[in-house]
Amino acid sequence: MRASRLISLLLLLQSRGSMTASELARELEVSERTVYRDVLALSAAGVPVYADRGRAGGYRLLGGYRTRLTGLTRDEAEALFLAGLPGPAGEMGLADAVASAELKVLAALPPALRDAPARAGQRFHLDVPGWFRETTPPLWLPELARAVWGDRVVELRYRRGDREVTRQVQPYGLVLKSGVWYLVGRVGDDVRTYRVDRVTGVEVGDEHFDRDEGFDLAGHWREQAGSFLRTMLRAEVAVRLSPAGLRQLRHLVDAPFVYDELVAAASPPDGQGWVMARLPVESVQVAYHQLLGLGPEVEVLGPPELRRLFAESADRLAALYR
């Protein structure tokens, strides 16, 4: 545990130049007293750590000291090569950069760990797109990725329905969800999301924007994704489900929270184990296609329009199989 922390402390100083004891304590999730002891241990091991005094002081490494990656365990080395995500990186135009970085990391590893990339590649493969999806990356993805990395304002032409709109966007980040790329960016005072495959043109300007360093891309995406799914569920249907139907419904709804909330609010089972519940849905037509897959394991109680659709389907099926 301590050896791993000492390596982390050394790499923090190597990458950031100078850090105070409180900054190191916060990053390493230890007390400042522990940081003092760890710095003394590094100094005793021959690492040239120097303490600058005063209000602007802190710890730094002398003389451009660099460490080789000799402290990595096998698990850490293999995890490092798994983290490259060569497919998505390649789609963003970063395949050469990833390959170059991997070669440099490989050269810094001790000989006993240089089989790490081969072992990781033999055992794990990331296939991001869902089944039956087109795998061609969006045309403007590499250009947007360069704008994201460079904090450059872009003029975005975007297909919305049957018309095209133009927006000045500060591109904060890119998100890959189920094989679909999304751009998250600031437009005026709002943070908006655009599907990259609907982008019809990108012009990267010379203007740089000041990024909000407190913006949490992962947290924003989680919040927006949940809100988006809930806003889609504008209707509700009443159903009666058999035990098998209740189990199968989990695989038909679009969001896990829909199923969890339905089960929590369902009525107690009757004598045959059937329960009554209310299911949030996008529309009556979407509910019809979702629930039809349950066959006789579901009875639609309402609304009347959906119940009528199921009755008509039952009549047609009965006519086919008589």
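On a 1 Å grid over the protein atoms alone, a cavity is a set of points where a 1.4 Å probe fits but cannot get out. Its volume is the space filled by probe spheres set on the points, which are joined across faces, edges and corners.

**Entry 1: ground rules**

I am working with a predicted model, where local features need pLDDT of at least 70, side-chain atom pairs count only at pLDDT 80 or more, and totals for chains, interfaces and linings use all residues. Residues are numbered from 1 along each chain as its sequence is written, and side-chain values use heavy atoms, with hydrogens and water left out.

**Entry 2: the cavity**

I looked for cavities of 30 Å³ or more and the count came to 1. About 110 Å³ of space lies in the largest cavity. Its lining (residues with an atom within 4 Å of a point) has 13 residues, and Leu-233, Asp-254, Val-258, Pro-280 and Gln-290 are the closest to the centre. I then asked which elements give two or more residues to this lining, and found α9 (217-232), β10 and α12. Helices (H or I, at least four residues) and strands (E, at least two) are DSSP runs, numbered from the N terminus. Strand β10 gives the largest share of the lining, 3 residues.

I sorted the lining by type and got 10 nonpolar, 1 polar and 2 charged residues. Here Ala, Val, Leu, Ile, Met, Phe, Trp, Tyr, Cys and Pro count as nonpolar, Asp, Glu, Lys and Arg as charged, and the others, Gly among them, as polar.

Is Val-258 buried or exposed? It counts as buried because its relative accessibility is 4%; buried means under 20% relative accessible area, exposed over 50%, and partly exposed in between (1.4 Å probe, protein chains only).

Setting aside residues up to four places away in sequence, Val-258 touches Leu-233, Val-253, Leu-279 and Pro-280; contact means heavy atoms within 4.5 Å. Val-258 and Leu-279 are 21 residues apart in sequence, yet their C-alpha atoms are 7.5 Å apart in space.

The buried residues of α11 are Phe-257, Val-258, Tyr-259 and Leu-262. They pack against α9, β9, α10 and β10.

**Entry 3: the nonpolar cores**

A nonpolar core is a set of buried Ala, Val, Leu, Ile, Met, Phe, Trp, Tyr and Cys residues joined through side-chain atoms within 4.5 Å. The largest one has 25 residues, and those touching the most other members are Val-237, Leu-241, Leu-249, Leu-262, Leu-279, Leu-291 and Leu-306. Elements that each supply at least two residues of this core include β9 (235-241), α11 (256-265), β10 (275-281) and α13 (304-321). I also found a second, separate core of 19 residues, with Ala-147, Val-154, Val-165 and Val-187 among them.

**Entry 4: strand β6**

Next I checked strand β6 (residues 180-187), where 8 of 8 residues are buried. Both faces are covered, with Val-180, Tyr-182, Val-184 and Arg-186 on one side and Trp-181, Leu-183, Gly-185 and Val-187 on the other.

Gln-170 stands opposite Arg-186, while Leu-183 stands opposite Tyr-194.

Each pairing is a hairpin with 2 residues between the strands. Ser-178 in the turn between β5 and β6 has a positive phi of about 50°, and Gly-188 in the hairpin of β6 and β7 has a positive phi near 65°.

Note on methods. 1 Å grid on protein atoms, 1.4 Å probe; cavity = no way out; pocket = protein on both sides within 12 Å on 5 of 7 lines; lining within 4 Å. Pairing = 2+ DSSP bridges.
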